[in-house]
Amino acid sequence: MANEQDLQYTADHEWVDADGDVVTVGITGYAAAQLGDIVYVDLPKVGDEVEAGQVIGELESTKSVGELFCPVSGTVTAVNADVAASPEVVNSDPLGAGWLLKVQVTGLPDLLDKAAYDALTGAA
Amino acid sequence: MPDATPRQSPLHDVHVAAGAAFTEFAGWSMPVRYSGDLAEHHAVRRAAGLFDLSHMAEILVLGPGAADALDAALLGELSTTPVGRAKYTLLLNGEGGVEDDLVVYRTGEDRYLVVANAANRDVVVDRLRDRVVGFDAEVQDETDDIGLVAIQGPRSQEILLEVPGFAADDADPTEVRFRALLASLRNYRFLRANWDGHPVLVARTGYTGEDGFELYAAPSLLPRLWAVLMDIGRGSGLVPAGLAARDTLRLEAGMPLYGHELTALTTPQQAGLGRLVQHGKGRDYVGRAAVESPEAEGARVLVGLRAEGRRAGRAGYPVVDGDRVVGVVTSGALSPTLGHPIAMAYVDRDAVDARLAIDVRGTPLPATTVPLPFYSRKA
C-alpha cells in the first residue's frame with residue numbers, strides 16, 4: 001500500500017501514485033466510505049486512450065452509483081481484475097489492493113497534495 | 001429555497017459515537033450506515049437491526065368524530081379498525097393519486113395515531129385538518145414530541161422480551177404482564193407499556209419484510225432506550241442499521257416508497273395496492289370516484305424486475321422493449337439477500353410480458369418480470 005502522504009489527489013476523490021511515467025489510480029477511502037459497500041466496478045480496457053477529466057468507469061454500491069473520472073491523460077496499461085471479482089476490496093483497502101488502473105501518462109494535470117485533499121473533505 | 005441546517009435526531013450523539021455516516025433526508029440528518037450497508041442488511045435478515053426513525057411524522061386525530069373523519073379523509077375504513085390494531089392505508093388526492101402512505105394505529109375509541117413519511121409531514125397535516133372540518137375531531141401534529149425506533153429481524157422479539165424495565169399499561173402494570181402481552185402480540189397489533197415510568201407504544205409493525213417492532217416514545221427517552229436495547233441485543237446479533245439498509249430491505253420485500261413507487265400521479269391499483277380499495281366502504285372519501293373508476297387501472301403498472309450479474313437498474317432508468325421505452329425504474333439495487341439485481345418499475349400494461357431490458361446508462365440489461373415481493377420471510 002502506498003503512503004497516502006506521497007499520493008496526489010483530485011477533487012473527484014481519485015488518488016494517483018505518480019512514480020515514473022506509469023501511474024496507478026484508485027479512489028480514496030473517503031469516496032469509498034461515501035459510496036457504501038461497493039458491489040460492482042466498471043473499468044476501461046487495457047489499451048484504451050483516456051483523457052484527464054473523462055468518465056472512464058463506474059463504481060456501484062448497494063445505495064448509489066459513482067462515476068470514475070480519469071485524473072490523468074494517457075493509455076491504460078493495466079486494470080485490476082481483483083476488484084472486478086471482489087469489489088469490496090475497494091472499501092477494505094482503497095489505497096492498496098483496491099487500486100483500479102494503471103496509465104502510461106502523456107499528461108499529468110495539477111493535482112492536490114494530501115493536505116489540500118484533506119482540506120477539501122474536511123478531514124482533520 | 002430551504003437551506004436550513006438539517007434537524008438532528010435525539011439520538012444524534014449516540015450515532016456519532018457508533019461511527020455512523022449521515023445523510024440528509026427530508027430535512028433531517030439521519031444515519032445512512034454504521035458498519036456497512038450489507039452487514040446491516042444481513043443482520044436484519046438473520047438476527048436483528050435497530051433503526052432510528054425519529055424523522056417520521058406522528059399525527060394524532062382525536063375526538064368523538066375521529067373515526068368518521070378518518071373514513072372521509074383516507075382510503076381505508078378506519079372506523080372498523082379495533083382499538084389496539086394498526087392499518088396500512090393511503091392518503092389520496094381527488095384524482096385518486098397517492099399523497100402519502102400511512103400506518104394508522106387506533107389507540108382509543110376516539111383516538112388515532114397517524115404515522116406519515118417525513119417528507120410529507122406538512123401535506124398530511126394540512127390535508128387532515130382540511131378534511132376533518134365538519135367532524136367533531138381535531139388534528140395534532142405531535143412529530144416533535146413523539147420519537148420512534150424500530151427493532152427488526154427474526155430475533156427482535158426475544159431481545160425485546162429480555163429488556164428490563166417494561167411494564168404493561170393496564171390494570172396489571174407489571175413486567176410479567178408486559179412480557180405475556182408482548183409474547184402473544186400479533187402482527188399489526190400494538191400494546192401500551194411504560195418503560196422506566198415513561199409511556200411507550202410497542203407495535204408489531206415495520207418496513208423491512210421481517211418480524212419486528214416499532215417503539216414510539218418521547219424523544220428524550222430514546223437515548224436510554226436505544227442503549228439498553230443495544231446492550232441486551234448485541235449478544236444476539238443486534239446491530240444499529242441505517243437508511244441504506246432500510247431501503248434495500250424494503251425493496252426486497254416489495255414495499256413501495258413514497259416519491260418512488262408512490263406519487264400524486266399514481267393510483268393505488270397501479271402501485272399494486274388495489275387491495276386497499278374497499279368498494280363496500282360505508283362513507284365517501286376523497287378520491288373515491290377516481291379509484292373506483294376503471295381508469296384507475298392506469299396505462300402503466302408496477303412490476304418487479306430481476307436481472308443477472310451485479311449491475312443494477314436505478315430510479316429513473318428507462319425500461320425498454322427493443323428500441324421502445326415502455327417504462328421507468330422507480331427503485332433498484334443489487335439484492336443483498338438474493339445476490340442478483342432487482343428493481344421495481346412502472347411498465348406499460350401491454351409490455352409486461354415482453355422481453356424487457358433496463359437501460360443502464362446506455363447498456364441494455366435484460367430483465368425478467370417477476371411477482372412481488374422479491375423476498376418473503378419464512379412463516
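Predicted model: local features only at pLDDT ≥ 70, side-chain atom pairs only at ≥ 80, totals over all residues.

Modeller: Let's begin with a term you'll need: a crossing is called right-handed if the near helix is turned clockwise from the far one by less than a right angle, and left-handed if the turn is anticlockwise.

Helix α3 covers residues 66-73 of chain B and helix α4 covers residues 121-131, and they pack at an angle of about 115 degrees with their axes 9 Å apart. Angles of 65 to 115 degrees count as roughly perpendicular, and α3(B) and α4(B) are therefore described as roughly perpendicular to each other. Which residues of α3(B) and α4(B) make the contact? On the α3(B) side you'll find A69(B), A72(B) and A73(B), and on the α4(B) side R127(B), L128(B) and R131(B). Sorted by class, that contact of α3(B) with α4(B) has four nonpolar residues and two charged ones, with no polar residues.

Now for another pair. Helix α2 (residues 37-46) of chain B packs with helix α8 (residues 243-252) of chain B at an angle of about 55 degrees, and their axes are 8 Å apart. α2(B) and α8(B) are therefore oblique to each other. The crossing of α2(B) and α8(B) is right-handed as well. Here D37(B), E40(B), H41(B) and V44(B) of α2(B) meet A244(B), A245(B), T248(B) and L249(B) of α8(B). By class, the contact of α2(B) with α8(B) comes out as four nonpolar, two polar and two charged residues.

Chain B has nine helices, along with 21 strands. Its radius of gyration is 21 Å, close to the 21 Å that the globule rule gives for 379 residues, so chain B is as compact as a globular protein of that length. Along its principal axes, the C-alpha trace of chain B spans about 65 × 50 × 45 Å. Of the 379 residues in chain B, 47% count as buried. If you take the contacts in chain B with a separation of 6 or more, 67% of them join residues 24 or more positions apart.

Finally, chain B has a neighbour: ten residues of chain A are in contact with 14 residues of chain B. On the side of chain A that touches chain B, the elements giving two or more residues are β4 (38-42) and β6 (55-61) of chain A. The residues of that side of chain A divide into four nonpolar, three polar and three charged.

Conventions. Residues numbered from 1 in each chain as written. Chains lettered and ligands numbered in written order. Helix = DSSP H or I, 4+ residues; strand = E, 2+ residues; numbered from the N terminus. Rg over C-alpha atoms; globule rule 2.2 N^0.38 Å. Buried ≥ 20, exposed ≤ 12 C-beta atoms within 10 Å, placed from the backbone. Contact = placed C-beta atoms within 7 Å. Axes fitted to C-alpha atoms, helices over the stretch in contact; angles between N-to-C directions. Parallel < 35°, antiparallel > 145°, perpendicular 65-115°, else oblique. Nonpolar A, V, L, I, M, F, W, Y, C, P; charged D, E, K, R; others polar.
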